[in-house]
Each structure stands twice: as C-alpha cells, then as structure tokens.
Amino acid sequence: MAFKGKPPGSGSGEMSRTTQALRPAIALSEAEARRARALRRQGEAPPVIADKLGLPLEEVEKALLQMRNPRPETTRGTLNVTLAAHRFVLSERQGEEPLWQTMDRLVDELIRRRAEASRRSATRRTGQAADEWLPGLDVPEPQG
C-alpha cells in the first residue's frame with residue numbers, strides 16, 4: 001500500500017480572490033506598480049519613487065504596501081513545521097524533487113515500517129512455525 005498524495009494544484013501559492021477583493025484599488029497601471037516595486041527593492045524611499053515616476057505619493061504607497069517581502073526570521077518552514085523538522089525534510093530530498101514528493105516518500109516509508117513492525121510483533125505473539133525458526137528441518141508428521 002503506497003502512500004500517494006495529490007500534487008498541489010496549478011493555482012497554489014497565488015493570492016486568494018478574497019484577499020484581492022479586500023485590498024484597496026490602486027490608481028496605477030500594473031506596469032507603473034511593477035516599476036515602483038522594483039525601485040523599492042533597490043532601496044528607494046516612497047517619496048523618491050513618486051518623484052522619479054511622476055506619480056501621486058498616496059498611490060505609490062498603496063502599491064508598495066501590497067509588495068510581498070521575505071521575512072528574515074521565520075519561525076516555521078514552508079511545511080508549517082518547526083525549523084528542525086523542515087531541515088530534516090530538506091535533507092531527505094532526492095535531487096530537485098518537490099517537497100510534496102519528499103513528504104509522500106517519507107510518509108510511505110513510515111507506513112511500510114509500521115506495517116513491518118506490526119507483522120513482527122504479531123508473529124512474536126502467535127509464535128512462529130517450526131520451519132520459520134529452524135529452516136531446512138523437516139517437521140515430523142503426527143502418527144496416527
């Protein structure tokens with residue numbers, strides 16, 4: 001019984017429609033917003049960006065507030081696990097496989113190992129047949 005997960009959908013990682021609907025409208029074109037965000041990533045201050053692009057400061061600030069920025073000190077990894085568990089999963093990756101495949105492989109291994117352990121303990125409880133613990137010996141047939 002192999003564990004087979006479902007890969008993430010094509011829209012995974014994108015902003016939800018609800019979040020987009022709740023954000024204020026920006027009076028900038030997508031290209032203007034992109035240019036403003038690029039300047040911000042280069043270290044420019046919002047008033048300087050507004051002057052450079054000839055855009056209203058308020059609209060530039062709205063565009064910059066919606067930027068995604070990396071968090072320098074995360075307490076959790078992309079797996080929503082502790083950093084130690086995240087490092088372990090990353091160390092188990094084979095080549096450039098996606099994390100979801102790594103997780104599927106690890107969960108599959110866990111399921112198989114638990115099934116093996118369960119079979120071993122069941123064999124210990126019920127006792128092994130003579131040919132299992134003394135291979136090659138003929139078990140005498142009962143007379144009668």
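## Surface and burial

The protein chain has an accessible surface of about 11,700 Å², and carbon and sulfur atoms account for 53% of that area. Of the 144 residues in the protein chain, 17% are buried.

## Secondary structure and contacts

Seven helices and zero strands make up the secondary structure of the protein chain. Read from the N terminus, the order of elements is α-α-α-α-α-α-α.

Considering contacts in the protein chain between residues at least 6 apart in sequence, 40% connect residues that are at least 24 apart.

## Confidence

Because the model is predicted, confidence has to be considered along the chain. The protein chain has a mean pLDDT of 81, with 78% of its residues at 70 or more. Helix α3 (residues 46–53) has the highest confidence in the protein chain, at a mean of 95, while helix α7 (residues 130–133) has the lowest, at 53. Where pLDDT is low, predicted coordinates should not be read in detail.

## Packing of α2 and α4

Helix α2 (residues 30–41) packs against helix α4 (residues 57–65) at an angle of about 70 degrees, and the two axes are 9 Å apart. Angles of 65 to 115 degrees count as roughly perpendicular, so α2 is roughly perpendicular to α4.

On the α2 side, the residues in contact are Ala33, Ala36, Arg37 and Arg40; on the α4 side they are Val60, Ala63 and Leu64. Sorted by class, this contact of α2 with α4 has five nonpolar residues, two charged residues and no polar ones.

## Thr102

Where does Thr102 lie? Thr102 is part of helix α6 (residues 99–126). Is Thr102 buried or exposed? The relative accessibility of Thr102 is 0%, and buried means under 20%, so Thr102 counts as buried.

Leaving aside residues up to four places away in sequence, Thr102 touches Val89, Glu92, Arg93 and Glu97.

Note on methods
Residues numbered from 1 in each chain as written. Predicted model: local features only at pLDDT ≥ 70, side-chain atom pairs only at ≥ 80, totals over all residues. Heavy atoms only, no water. Axes fitted to C-alpha atoms, helices over the stretch in contact; angles between N-to-C directions. Helix = DSSP H or I, 4+ residues; strand = E, 2+ residues; numbered from the N terminus. Parallel < 35°, antiparallel > 145°, perpendicular 65-115°, else oblique. Contact = heavy atoms within 4.5 Å. Nonpolar A, V, L, I, M, F, W, Y, C, P; charged D, E, K, R; others polar. Buried < 20%, exposed > 50% of the residue type's maximum accessible area, 1.4 Å probe, protein only. Areas by Shrake-Rupley, 256 points an atom, 1.4 Å probe, with all protein chains shown as cover. pLDDT = per-residue confidence, 0-100.
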